Amino acid sequence: MPFQPPVECPICRDTLALDRTLEEHLVGSHTPLEVARQLATVRERSGLQRISE
């Protein structure tokens, strides 16, 4: 079985326990505003744009 490194939260940089999922952590530990800001930041950095733009 391949080794999977622990998951790190992109917002708080906490390393999650092996029995926790990122989704579980985000919902339980961060506000919707924090999650939205993180998603917006990632999108802006990647330079993604709508096709119509």
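Visitor: Why is Glu8 called partly exposed?

Guide: Please keep in mind that this is a predicted model. Glu8 has a relative accessibility of 42%. Buried requires a value under 20% and exposed a value over 50%. The value of Glu8 lies in between, so Glu8 counts as partly exposed.

Visitor: What makes the pair Glu8 and Arg13 a salt bridge?

Guide: The side chains of Glu8 and Arg13 meet with 3.3 Å from N to O. The cut-off is 4 Å, between a side-chain nitrogen of Lys or Arg and a carboxyl oxygen of Asp or Glu, and therefore the pair qualifies. Side chains of opposite charge can pair when their charged atoms come close.

Visitor: Why is Arg13 called exposed?

Guide: Arg13 has a relative accessible area of 52%. Exposed means over 50%, so the term applies to Arg13.

Visitor: How many salt bridges are counted in total?

Guide: The count comes to 2 salt bridges. One of them joins Arg20 and Glu24, where the closest N and O atoms are 3.3 Å apart. That distance is within 4 Å, so this pair also meets the rule.

Visitor: How do you know whether Arg20 and Glu24 are buried, exposed or partly exposed?

Guide: Arg20 is at 33% relative accessibility, and Glu24 has a relative accessible area of 42%.

Visitor: What makes His25 buried or exposed?

Guide: His25, found in helix H1 (residues 22–29), has a relative accessible area of 4%. Because 4% is under 20%, His25 is buried. Leaving aside its neighbours within four places in sequence, His25 is in contact with Cys9, Cys12, Asp14, Leu16, Arg20 and His30.

Visitor: How many disulfides are there?

Guide: The count comes to 0 disulfides. Cys9 is in no disulfide, and its nearest cysteine sulfur, that of Cys12, is 3.6 Å away.

Visitor: How are Cys9 and Cys12 placed, buried or partly exposed?

Guide: Cys9 has a relative accessible area of 0%, so Cys9 is buried under the 20% limit. Cys12 is at 30% relative accessibility and counts as partly exposed.

Visitor: Why is Val35 called partly exposed?

Guide: Val35 has a relative accessible area of 22%. Buried needs a value under 20% and exposed a value over 50%, so Val35 is partly exposed. The place of Val35 is in helix H2 (residues 32–46).

Visitor: Which residues does Val35 touch?

Guide: Not counting residues up to four places away in sequence, Val35 touches Ile11, Leu26 and His30. Val35 and Pro10 are 25 residues apart in sequence and 9.4 Å apart in space, C-alpha to C-alpha.

Visitor: How does the reach of H2 compare with what is expected?

Guide: H2 has 15 residues and reaches 21 Å from its first C-alpha to its last, close to the expected 21 Å. Just after H2, Gly47 takes a positive phi of about 75°.

Notes. Residues are numbered from 1 along each chain as its sequence is written. This is a predicted model: local features need pLDDT of at least 70, side-chain atom pairs count only at pLDDT 80 or more; totals for chains, interfaces and linings use all residues. Side-chain values use heavy atoms; hydrogens and water are left out. Buried means under 20% relative accessible area, exposed over 50%, partly exposed in between (1.4 Å probe, protein chains only). Helices (H or I, at least four residues) and strands (E, at least two) are DSSP runs, numbered from the N terminus. Contact means heavy atoms within 4.5 Å. The expected span of a helix is 1.5 Å times one less than its number of residues. A disulfide is a pair of cysteine sulfur atoms within 2.5 Å.
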